[in-house]
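The sequence and structure come first.

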Amino acid sequence: MNCPIENQESAEILLAYCSRKLNPASAAILEEHIQICPACRDFARGQRAVWEALDAWEAAPVSADFDRRLYARIATEVSLWDRLLRPIRPLLTLQGLPVAAAALVVITAGLLLDRPAGPVRPNDAETSAALEAVTPDQAEPILQEMEMMQELNRLAQPQSPDSKI
Amino acid sequence: MGGAAAALDYDAELMLRVKDGDSASFGVLLEKHRLSVVHFLQRMVQNYAVAEELAQEVFLRVYRSRSTYEPTAKFTTWLFRIATHLALNALRDGKNERSQERLDDDTSDMPVRQVSDRRPSVEEKMVYQTRLDEVRRAVSGLPDKQRAAVLMHKYEEMEYSQIAKVLSCSESAVKSLLFRAYETLRARLAHMA
């Protein structure tokens with residue numbers, strides 16, 4: 001067999017062998033190679049020493065109250081959510097509330113979207129005062145002019161069937 | 001890991017039950033993995049108090065994530081990804097240094113290996129303790145990712161592919177991490193043979 005220590009990729013065979021994870025057939029072939037290869041022999045001896053040293057490192061037992069502390073933390077989180085939702089919980093249980101809430105959202109969105117995004121409108125008070133200053137006699141020609149402007153505007157539309165401009 | 005393979009993972013099934021509101025399944029998962037998570041963190045940060053604090057945070061995060069959990073990988077991969085992430089952050093922030101209870105400060109309550117059925121002598125205890133300190137120092141001297149890879153490989157017996165998923169790197173990167181880590185450990189611990 002090729003010497004596994006020559007490249008990092010195949011050195012995993014040596015690692016597996018030293019951690020007793022290599023299948024018996026491959027282990028037998030490797031053992032034959034180790035007999036004649038000093039580098040692999042040194043690697044295997046060193047790696048076994050590491051493995052045994054790590055085996056000796058036993059971790060400490062877990063605290064007896066580990067679960068109790070964990071469940072207490074979970075309960076604290078759950079009760080925090082409970083406290084936050086408590087004021088609105090009765091509302092959430094009312095029938096029809098979700099529909100009403102959805103309708104409110106739609107209406108609010110509609111009102112917000114309906115606002116023209118153009119130049120700032122004149123002050124409402126000023127507009128009102130200007131309208132009050134116009135008499136019925138003055139209003140009639142103004143309305144006629146507006147109708148005419150609208151008609152011209154309609155004719156000016158290129159996609160309009162009546163378009164003449 | 002594909003969906004079919006994940007479906008065979010019993011832990012993932014338990015987690016899906018937790019997602020459906022079965023808190024008893026969370027208890028089963030905690031019972032099953034508590035020890036391995038705490039021990040992994042103890043060896044990572046080498047501080048009992050910090051390790052337990054981090055382990056609590058791991059299981060708390062598992063519980064918090066129940067509603068969004070999807071079994072896209074083996075449950076233990078996900079669990080150790082959380083644990084490793086927290087451990088690496090703690091090491092980066094030096095949390096393990098600030099606490100009073102480092103592993104090498106007080107080892108009187110550590111389990112001592114019984115070489116026979118009689119109680120170990122004071123001398124044997126001291127030899128064991130010295131060897132243990134050497135192992136700890138050698139492991140804690142490894143770069144954080146190498147340390148995590150060695151601990152998962154040695155104590156959790158994870159495959160290279162699973163370690164790669166936990167550490168979010170390629171399998172060949174894991175092999176390289178382990179090769180370098182064991183090379184360092186051989187240089188430091190070979191005399192213990």
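## A salt bridge between a loop and a helix

Glu70(B) has a relative accessibility of 48% and therefore counts as partly exposed. The model is a predicted one. The partner of Glu70(B) in a salt bridge is Lys19(B), with 3.1 Å from N to O. This pair links distant parts of the chain, 51 residues apart: Glu70(B) is in the loop between α4 and α5 of chain B, and Lys19(B) is in helix α2 (residues 10–19) of chain B. Lys19(B), at 28% relative accessibility, also counts as partly exposed.

A second pair in chain B is formed by the side chains of Asp133(B) and Arg136(B), which meet in a salt bridge at 3.3 Å, N to O. Both residues belong to helix α7 of chain B and are three residues apart, about one turn of the helix. Asp133(B) is partly exposed, with a relative accessibility of 23%. Arg136(B), at 3%, is buried.

## Salt bridges between the chains

Over all chains, the whole structure contains 17 salt bridges. Between chain A and chain B the count is six. One salt bridge pairs Glu12(A) with Lys175(B), where the closest N and O atoms are 2.8 Å apart.

Another pairs Glu57(B) with Arg73(A), with 3.0 Å between the closest N and O atoms. Glu57(B) sits in helix α4 (residues 48–64) of chain B and Arg73(A) in helix α4 (residues 66–85) of chain A, so this pair joins two chains. Is Glu57(B) buried or exposed? Its relative accessibility is 16%, and the limit for buried is under 20%, so Glu57(B) counts as buried. Arg73(A) has 30% relative accessibility and counts as partly exposed. Through shared partners, salt bridges join Arg73(A), Glu77(A), Glu57(B), Arg61(B) and Arg64(B) into one network.

## The interface of chain A and chain B

Chain A contributes 31 residues to the contact and chain B contributes 46 residues. About 4000 Å² of area is buried between chain A and chain B, and carbon and sulfur atoms give 63% of this area. There are 15 residue pairs in polar contact across the interface, both residues being at pLDDT 80 or more.

On the side of chain A that touches chain B, the elements giving two or more residues are α1 (11–18), α3 and α4 of chain A. Which of the elements gives the most to this side? It is α3(A), with nine residues. By residue class, the side of chain A that touches chain B has 18 nonpolar, four polar and nine charged residues.

## Helix α8 of chain B

Helix α8 of chain B spans residues 144–154, and nine of its eleven residues are buried, so the helix is largely enclosed by the rest of the structure. The buried residues in α8(B) are Gln146(B), Arg147(B), Ala148(B), Ala149(B), Val150(B), Leu151(B), Met152(B), His153(B) and Lys154(B).

What do the buried residues of α8(B) pack against? Within chain B they pack against α3 (23–45), α5 (75–93), α7 (122–140), α9 (160–167) and α10 (171–189). From chain A, α3 (38–55) is also among the elements that the buried residues of α8(B) pack against.

Conventions: Residues are numbered from 1 along each chain as its sequence is written. Chains are lettered from A and ligands numbered from 1 in the order in which they are written. This is a predicted model: local features need pLDDT of at least 70, side-chain atom pairs count only at pLDDT 80 or more; totals for chains, interfaces and linings use all residues. Side-chain values use heavy atoms; hydrogens and water are left out. Buried means under 20% relative accessible area, exposed over 50%, partly exposed in between (1.4 Å probe, protein chains only). Helices (H or I, at least four residues) and strands (E, at least two) are DSSP runs, numbered from the N terminus. Contact means heavy atoms within 4.5 Å. A salt bridge is a side-chain nitrogen of Lys or Arg within 4 Å of a carboxyl oxygen of Asp or Glu. Buried area is the accessible area (1.4 Å probe) that two parts lose on being put together, summed over both. A polar contact is a pair of N or O atoms within 3.5 Å; within protein, one must be able to donate a hydrogen and the other to accept it, and residues adjacent in sequence count only if both atoms are side-chain atoms. Ala, Val, Leu, Ile, Met, Phe, Trp, Tyr, Cys and Pro count as nonpolar, Asp, Glu, Lys and Arg as charged, and the others, Gly among them, as polar.
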